[in-house]
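I opened this entry to keep track of what I looked up.

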Amino acid sequence: MESQQEFTSMPRIGDKAPEFKAVTTQGDINFPADYKGDWVILFSHPADFTPVCTSEFMTFATMEDKFANANCKLVGLSIDGLYSHIAWLRSIKEKIEYKGMKDVEVKFPLIEDITMEVANKYGMVQPNEDTTKAVRAVFFIDPEGIIRAIIYYPLSLGRNFDELYRVVVALQAADEFGVATPADWYPGDDVIIGPAGSCGTAEDRMTGKEDMDCKDWYFCTKKISKEEVLSKVLKK
Ligand code: BEZ
């Protein structure tokens, strides 16, 4: 008989970010309450003292100011204890050089989750991948504590941090301008206007009455300059 696959529930896009209190390398946090008013990326990594995770932490730490300028704070997590986290982050700063990055200090909080309480709440442990290590999960949480995007990678695959930054900017641009962002969108590219909700609107679009470029009634774009997007999304 085939073995039964186990499914665990996990938070989804549009859900409130599950609450937790935790010990981190930067002191205690009360999540997501401590982050109200900011965007936050809550991400997990499989384990301290592992090479892919080390390359990821160095990259994320180097980009922390860039994310902060886009109103976004970073919070990491693995199923390791606080002293392991501290020793690993010290080792990264003192010994590891990678792609021109060295002397890298990780200043964002790294949650200790030896009990797996937080990892289980967020569906970060995916047992068919590994039963004791979190996968590389990324939760994008908005200033009201709502999960707005989720990305998962397996243990073997390091994340693309430019993509994570693009997601943070695109989500805010969509909110600010009431638009959607098409494939491979970057600030300055045309944005997408939602499909027409009535026959009248569809007609207006096709007769050019609205300020947009419509190829058909359901595929309309408009221009928003890079400067306009960045002036709304970035602090400076
Ligand atoms: C790594 O970060 O290098 C890693 C962690 C767990 C499994 C495989 C690779």
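I began with the pairing inside β10, where I looked up Cys214 and found Cys220 as its bridge partner. I note that the model is a predicted one.

**Entry 1: the sheet**

I then traced the sheet to which this pair belongs. I found an open sheet of three strands in the order β8-β10-β9, with antiparallel pairing. I noted β8 (191-193) and β9 (213-216) as the edge strands, since each is listed as pairing on one side only. From one strand to the next, I read an average twist of 35°.

I checked each pairing separately. For β9 and β10 (residues 219-222), I counted three bridges in the antiparallel sense. I also found three bridges, again antiparallel, between β8 and β10. As a reminder to myself, strands of a sheet pair through backbone hydrogen bonds, either parallel or antiparallel.

Next I went through the facing residues. Which residue of β10 stands opposite Ile192? I found Thr221 there. I looked up Asp213 as well, and Thr221 in β10 stands opposite this residue too. For Asp216, I found Phe219 of β10 on the opposite side.

How many residues does the hairpin from β9 to β10 pass through? I found two.

I also looked for a helix against this sheet. Helix α6 (residues 199-206) lies across β8, β9 and β10. I read its direction as about 110° to β9.

**Entry 2: the ligand site**

I listed the residues around the ligand: Pro46, Thr50, Pro51, Val52, Cys53, Arg136 and Leu155. I sorted this shell by class and got five nonpolar, one polar and one charged residues. Which helix gives the most to the shell? I found helix α1 (residues 51-62), with three residues.

On Thr50, a polar side-chain atom lies 3.0 Å from a ligand oxygen atom. On Pro51, I found a polar backbone atom 3.2 Å from an oxygen atom of the ligand. On Val52, a backbone N or O atom lies 2.6 Å from an oxygen atom of the ligand. I also looked up how much of the ligand is covered: taken alone, the ligand exposes 260 Å², and the protein buries 77% of that.

Is the peptide bond from Phe31 to Pro32 cis or trans? I found this bond to be cis, with omega near -5°. I placed Pro32 in the loop between β2 (27-31) and β3 (39-44).

I then checked the phi of Phe49. I read a positive value of about 55°, although Phe49 is not a glycine. I located Phe49 in the loop between β3 and α1.

Notes. Residues are numbered from 1 along each chain as its sequence is written. This is a predicted model: local features need pLDDT of at least 70, side-chain atom pairs count only at pLDDT 80 or more; totals for chains, interfaces and linings use all residues. Side-chain values use heavy atoms; hydrogens and water are left out. Two strands pair if DSSP finds at least two bridges between them. Helices (H or I, at least four residues) and strands (E, at least two) are DSSP runs, numbered from the N terminus. Axes are lines fitted to C-alpha atoms, for helices over the stretch in contact, and angles run from 0 to 180 degrees between N-to-C directions. Contact means heavy atoms within 4.5 Å. A residue is near a molecule or strand if one of its heavy atoms lies within 4 Å of it. A polar contact is a pair of N or O atoms within 3.5 Å; within protein, one must be able to donate a hydrogen and the other to accept it, and residues adjacent in sequence count only if both atoms are side-chain atoms. Accessible areas come from the Shrake-Rupley method with a 1.4 Å probe; for residues, only the protein chains shown count as cover. Ala, Val, Leu, Ile, Met, Phe, Trp, Tyr, Cys and Pro count as nonpolar, Asp, Glu, Lys and Arg as charged, and the others, Gly among them, as polar.
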